[in-house]
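The following note is meant for a colleague who is meeting this structure for the first time. Please read the numbered points with the model in view.

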Amino acid sequence: MALCEGVARGSSGSWPRVLLFGDSITQFSFQQGGWGASLADRLVRKCDVLNRGFSGYNTRWANIILPRLLRKGDGSDSPVAVTVLFGANDSALKDENPKQHVPLAEFAANLKSMVQQLRAAGVPASGLVLITPPPLCEAAWEQECLRQGSKLNRLNAVVGEYARACVQVAQDCGTDALDLWTLMQKDNQDFSSYLSDGLHLSPKGNEFVFSHLWPLIEKKVSSLPLQFPYWRDVAEATPERSLLGEGDQ
(Lines give C-alpha, C1' and ligand atoms only; values in the text may rest on other atoms or scores of the structure.)
Protein backbone atom coordinates (compact mmCIF):
# COMPACT_ATOMS: atom_id res chain seq x y z
CA MET A 1 0.00 0.00 0.00
CA ALA A 2 1.46 3.34 -0.98
CA LEU A 3 1.93 6.04 1.61
CA CYS A 4 -0.90 8.59 1.48
CA GLU A 5 0.05 12.02 0.21
CA GLY A 6 0.71 14.49 3.02
CA VAL A 7 1.55 11.78 5.57
CA ALA A 8 4.97 11.12 7.07
CA ARG A 9 6.14 7.81 8.41
CA GLY A 10 7.64 7.89 11.85
CA SER A 11 11.35 8.48 12.27
CA SER A 12 13.78 8.00 15.11
CA GLY A 13 14.25 11.76 15.37
CA SER A 14 12.12 14.24 17.24
CA TRP A 15 8.92 15.70 15.81
CA PRO A 16 8.75 19.29 14.57
CA ARG A 17 8.11 21.77 17.36
CA VAL A 18 6.30 25.04 17.90
CA LEU A 19 7.69 26.96 20.88
CA LEU A 20 5.53 29.33 22.95
CA PHE A 21 7.77 31.63 25.02
CA GLY A 22 6.38 34.20 27.39
CA ASP A 23 5.07 35.10 30.83
CA SER A 24 1.91 33.95 32.63
CA ILE A 25 -0.27 34.71 29.62
CA THR A 26 1.66 31.94 27.86
CA GLN A 27 2.06 29.67 30.89
CA PHE A 28 -1.68 29.64 31.56
CA SER A 29 -2.49 29.13 27.85
CA PHE A 30 -2.47 25.35 28.22
CA GLN A 31 -5.41 25.39 30.58
CA GLN A 32 -8.67 24.09 29.13
CA GLY A 33 -9.79 26.46 26.40
CA GLY A 34 -6.49 28.35 26.43
CA TRP A 35 -4.96 29.62 23.21
CA GLY A 36 -1.92 27.37 23.59
CA ALA A 37 -4.10 24.31 24.17
CA SER A 38 -6.07 25.22 21.07
CA LEU A 39 -2.85 25.41 19.05
CA ALA A 40 -1.73 22.03 20.36
CA ASP A 41 -5.11 20.54 19.48
CA ARG A 42 -5.04 22.00 15.96
CA LEU A 43 -1.50 20.68 15.39
CA VAL A 44 -1.86 17.23 16.95
CA ARG A 45 0.09 14.57 14.99
CA LYS A 46 1.87 17.30 13.04
CA CYS A 47 4.18 18.79 15.65
CA ASP A 48 4.72 19.22 19.37
CA VAL A 49 3.63 22.53 20.88
CA LEU A 50 5.92 23.38 23.80
CA ASN A 51 4.75 25.73 26.54
CA ARG A 52 7.66 27.72 27.88
CA GLY A 53 5.68 30.35 29.73
CA PHE A 54 7.07 31.69 33.01
CA SER A 55 4.60 33.45 35.25
CA GLY A 56 5.82 36.80 36.54
CA TYR A 57 8.83 36.97 34.22
CA ASN A 58 9.93 40.03 32.29
CA THR A 59 12.16 40.31 29.23
CA ARG A 60 15.27 40.89 31.36
CA TRP A 61 14.95 37.44 32.91
CA ALA A 62 13.63 35.83 29.73
CA ASN A 63 16.63 37.03 27.77
CA ILE A 64 18.89 35.31 30.30
CA ILE A 65 17.15 31.92 30.26
CA LEU A 66 16.39 31.67 26.54
CA PRO A 67 19.72 29.95 25.67
CA ARG A 68 18.82 27.17 28.12
CA LEU A 69 15.60 26.54 26.21
CA LEU A 70 17.23 26.18 22.80
CA ARG A 71 18.80 22.92 21.66
CA LYS A 72 22.37 23.19 20.48
CA GLY A 73 23.07 21.84 17.03
CA ASP A 74 23.18 22.72 13.36
CA GLY A 75 19.74 24.29 13.35
CA SER A 76 18.03 21.34 11.66
CA ASP A 77 16.11 20.62 14.86
CA SER A 78 15.04 24.22 15.48
CA PRO A 79 11.38 25.05 16.13
CA VAL A 80 9.35 25.62 12.99
CA ALA A 81 7.60 28.53 14.71
CA VAL A 82 8.08 30.55 17.90
CA THR A 83 5.79 32.99 19.68
CA VAL A 84 7.26 35.57 22.06
CA LEU A 85 4.80 37.29 24.37
CA PHE A 86 6.15 39.62 27.06
CA GLY A 87 5.39 43.10 28.31
CA ALA A 88 2.65 42.67 30.90
CA ASN A 89 5.27 42.59 33.65
CA ASP A 90 7.90 44.83 32.05
CA SER A 91 5.30 47.60 31.92
CA ALA A 92 4.62 47.49 35.66
CA LEU A 93 5.06 50.93 37.24
CA LYS A 94 8.56 51.33 38.62
CA ASP A 95 7.47 53.05 41.83
CA GLU A 96 4.88 50.38 42.64
CA ASN A 97 6.57 47.26 41.29
CA PRO A 98 10.30 47.81 40.78
CA LYS A 99 11.16 44.09 40.71
CA GLN A 100 9.21 43.32 37.55
CA HIS A 101 9.52 46.74 35.88
CA VAL A 102 11.86 47.00 32.89
CA PRO A 103 12.45 50.41 31.24
CA LEU A 104 10.93 50.75 27.80
CA ALA A 105 14.24 51.04 25.93
CA GLU A 106 15.63 47.96 27.67
CA PHE A 107 12.41 46.07 26.91
CA ALA A 108 12.86 46.74 23.19
CA ALA A 109 16.54 45.80 23.37
CA ASN A 110 15.72 42.56 25.16
CA LEU A 111 13.15 41.62 22.53
CA LYS A 112 15.69 42.27 19.78
CA SER A 113 18.25 40.16 21.63
CA MET A 114 15.78 37.27 21.90
CA VAL A 115 15.01 37.49 18.19
CA GLN A 116 18.73 37.41 17.45
CA GLN A 117 19.21 34.39 19.71
CA LEU A 118 16.39 32.54 18.00
CA ARG A 119 17.72 33.45 14.56
CA ALA A 120 21.17 32.20 15.55
CA ALA A 121 19.58 28.94 16.70
CA GLY A 122 18.18 28.37 13.23
CA VAL A 123 14.70 29.88 13.49
CA PRO A 124 14.09 32.11 10.46
CA ALA A 125 12.51 35.53 10.91
CA SER A 126 9.50 34.18 9.01
CA GLY A 127 9.01 31.64 11.80
CA LEU A 128 8.69 34.22 14.58
CA VAL A 129 5.63 35.98 15.95
CA LEU A 130 6.08 38.79 18.49
CA ILE A 131 2.88 39.26 20.47
CA THR A 132 2.09 42.37 22.46
CA PRO A 133 0.47 42.21 25.89
CA PRO A 134 -3.29 42.68 25.91
CA PRO A 135 -4.74 45.95 27.19
CA LEU A 136 -5.12 46.38 30.94
CA CYS A 137 -8.53 46.89 32.55
CA GLU A 138 -7.40 49.18 35.34
CA ALA A 139 -10.59 48.98 37.42
CA ALA A 140 -10.51 45.19 37.59
CA TRP A 141 -6.74 44.98 38.11
CA GLU A 142 -6.87 47.57 40.87
CA GLN A 143 -9.32 45.35 42.76
CA GLU A 144 -6.89 42.45 42.35
CA CYS A 145 -4.04 44.60 43.64
CA LEU A 146 -6.09 45.71 46.64
CA ARG A 147 -6.87 42.08 47.48
CA GLN A 148 -3.13 41.49 47.56
CA GLY A 149 -2.55 44.53 49.77
CA SER A 150 -0.97 46.78 47.15
CA LYS A 151 -1.85 49.77 45.00
CA LEU A 152 -2.65 49.75 41.30
CA ASN A 153 0.73 48.91 39.77
CA ARG A 154 0.00 49.10 36.04
CA LEU A 155 -1.69 51.57 33.66
CA ASN A 156 -3.19 50.74 30.29
CA ALA A 157 -1.57 53.75 28.61
CA VAL A 158 1.84 52.51 29.75
CA VAL A 159 1.10 48.98 28.53
CA GLY A 160 0.32 50.60 25.17
CA GLU A 161 3.82 52.09 25.02
CA TYR A 162 5.32 48.62 25.44
CA ALA A 163 2.93 47.19 22.87
CA ARG A 164 4.02 49.79 20.31
CA ALA A 165 7.67 49.05 21.08
CA CYS A 166 7.02 45.35 20.48
CA VAL A 167 5.43 46.06 17.10
CA GLN A 168 8.36 48.27 16.17
CA VAL A 169 10.87 45.55 17.06
CA ALA A 170 8.93 43.11 14.88
CA GLN A 171 9.08 45.57 11.98
CA ASP A 172 12.79 46.19 12.51
CA CYS A 173 13.57 42.46 12.69
CA GLY A 174 11.28 41.36 9.86
CA THR A 175 9.02 39.14 11.98
CA ASP A 176 5.27 38.88 12.26
CA ALA A 177 3.55 40.87 15.01
CA LEU A 178 0.24 40.29 16.73
CA ASP A 179 -0.86 43.52 18.38
CA LEU A 180 -3.36 42.36 20.97
CA TRP A 181 -3.33 45.72 22.73
CA THR A 182 -4.68 47.47 19.64
CA LEU A 183 -6.94 44.73 18.33
CA MET A 184 -8.78 44.24 21.61
CA GLN A 185 -9.56 47.97 21.77
CA LYS A 186 -10.54 48.36 18.13
CA ASP A 187 -13.47 50.72 17.58
CA ASN A 188 -13.40 51.62 21.28
CA GLN A 189 -14.97 48.30 22.18
CA ASP A 190 -15.29 47.20 25.80
CA PHE A 191 -12.35 44.83 26.14
CA SER A 192 -12.93 43.92 29.79
CA SER A 193 -14.63 40.65 28.80
CA TYR A 194 -11.35 39.47 27.26
CA LEU A 195 -9.72 39.56 30.72
CA SER A 196 -10.35 37.47 33.83
CA ASP A 197 -8.88 39.86 36.39
CA GLY A 198 -7.98 42.92 34.33
CA LEU A 199 -4.61 41.50 33.25
CA HIS A 200 -4.87 37.79 32.40
CA LEU A 201 -7.03 36.32 29.66
CA SER A 202 -10.59 35.10 30.15
CA PRO A 203 -12.03 32.23 28.07
CA LYS A 204 -13.26 34.82 25.57
CA GLY A 205 -9.81 36.42 25.53
CA ASN A 206 -8.15 33.09 24.85
CA GLU A 207 -10.52 32.50 21.94
CA PHE A 208 -9.67 35.96 20.62
CA VAL A 209 -5.93 35.30 20.78
CA PHE A 210 -6.21 31.93 19.08
CA SER A 211 -8.44 33.25 16.30
CA HIS A 212 -5.89 35.95 15.42
CA LEU A 213 -2.77 33.87 16.03
CA TRP A 214 -3.75 30.75 14.12
CA PRO A 215 -3.62 32.35 10.64
CA LEU A 216 -0.04 33.45 11.37
CA ILE A 217 1.02 30.04 12.68
CA GLU A 218 -0.82 28.15 9.94
CA LYS A 219 1.37 29.77 7.28
CA LYS A 220 4.48 28.54 9.10
CA VAL A 221 3.35 24.93 9.56
CA SER A 222 1.25 24.39 6.42
CA SER A 223 3.89 22.15 4.82
CA LEU A 224 4.13 19.79 7.80
CA PRO A 225 2.71 16.35 7.02
CA LEU A 226 0.56 14.29 9.33
CA GLN A 227 2.78 11.98 11.40
CA PHE A 228 2.03 8.34 10.58
CA PRO A 229 -0.81 7.18 8.31
CA TYR A 230 -4.52 7.25 9.08
CA TRP A 231 -5.44 3.94 10.69
CA ARG A 232 -7.56 2.78 7.74
CA ASP A 233 -4.50 3.16 5.49
CA VAL A 234 -2.33 0.78 7.51
CA ALA A 235 -1.81 -2.48 5.62
CA GLU A 236 -3.15 -5.29 7.79
CA ALA A 237 -0.70 -7.88 6.49
CA THR A 238 2.39 -5.65 6.49
CA PRO A 239 1.90 -2.84 9.03
CA GLU A 240 5.65 -2.21 9.25
CA ARG A 241 5.70 -1.17 5.62
CA SER A 242 2.84 1.28 6.09
CA LEU A 243 4.11 2.70 9.36
CA LEU A 244 7.88 2.65 9.00
CA GLY A 245 8.51 2.20 5.28
CA GLU A 246 10.29 -1.10 5.80
CA GLY A 247 10.54 -3.28 2.72
CA ASP A 248 9.90 -0.48 0.18
CA GLN A 249 13.09 -1.19 -1.69
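1. Asp187 counts as exposed, with a relative accessibility of 68%; here exposed means over 50% relative accessible area, buried under 20%, and partly exposed in between (1.4 Å probe, protein chains only). The phi of Asp187 is near 60°, a positive value in a residue other than glycine. Asp187 lies in the loop between helix 7 and helix 8 (203–221). Helices (H or I, at least four residues) and strands (E, at least two) are DSSP runs, numbered from the N terminus.

2. On the basis of the note: this is a predicted model, in which local features need pLDDT of at least 70 and side-chain atom pairs count only at pLDDT 80 or more, while totals for chains, interfaces and linings use all residues. Residues are numbered from 1 along each chain as its sequence is written, and side-chain values use heavy atoms, with hydrogens and water left out.

3. Phe228 also deserves attention: its phi is positive, about 70°, although it is not a glycine. Phe228 is placed in the loop between strand 7 (226–227) and helix 9 (239–244). With a relative accessible area of 28%, Phe228 is partly exposed.

4. As to the chain overall, its secondary structure comes to nine helices and seven strands. Of its 249 residues, 48% count as buried. The C-alpha atoms fill a box of roughly 70 × 35 × 30 Å, taken along the principal axes. Among contacts (heavy atoms within 4.5 Å) with a separation of 6 or more, residues 24 or more positions apart account for 77%.

5. Five strands form an open sheet in the order 3-2-4-5-6, with parallel pairing; two strands pair if DSSP finds at least two bridges between them. Strand 3 and strand 6 are the edge strands, each pairing on one side only. From one strand to the next the twist averages 15°. Angles run from 0 to 180 degrees between N-to-C directions, and axes are lines fitted to C-alpha atoms, for helices over the stretch in contact.

6. Strand 2 (residues 17–22) pairs with strand 3 in the parallel sense over six bridges. Arg17 stands opposite Asp48, and Leu20 stands opposite Asn51. Helix 8 packs on the sheet, touching strand 2, strand 4 (81–85), strand 5 and strand 6, and its direction makes about 165° with that of strand 6.

7. Helix 6 (residues 156–173) has 18 residues and reaches 26 Å from its first C-alpha to its last, close to the 26 Å expected at 1.5 Å a residue. Its buried residues include Val159, Tyr162, Ala163, Cys166 and Ala170. Their cover includes helix 4 (104–120), strand 5 (128–131), helix 5 (138–147), strand 6 (176–178) and helix 7 (180–183). Gly174, which follows helix 6, has a positive phi near 75°.

8. Where does helix 6 meet helix 4? The axes of the two helices come within 10 Å and cross at roughly 35°. Helix 4 contributes Leu104, Phe107, Ala108, Leu111, Lys112 and Val115 to the contact, and helix 6 contributes Glu161, Tyr162, Ala165, Cys166, Val169, Asp172 and Cys173. By class, the contact has ten nonpolar, no polar and three charged residues; Ala, Val, Leu, Ile, Met, Phe, Trp, Tyr, Cys and Pro count as nonpolar, Asp, Glu, Lys and Arg as charged, and the others, Gly among them, as polar.

Terms used. The expected span of a helix is 1.5 Å times one less than its number of residues.
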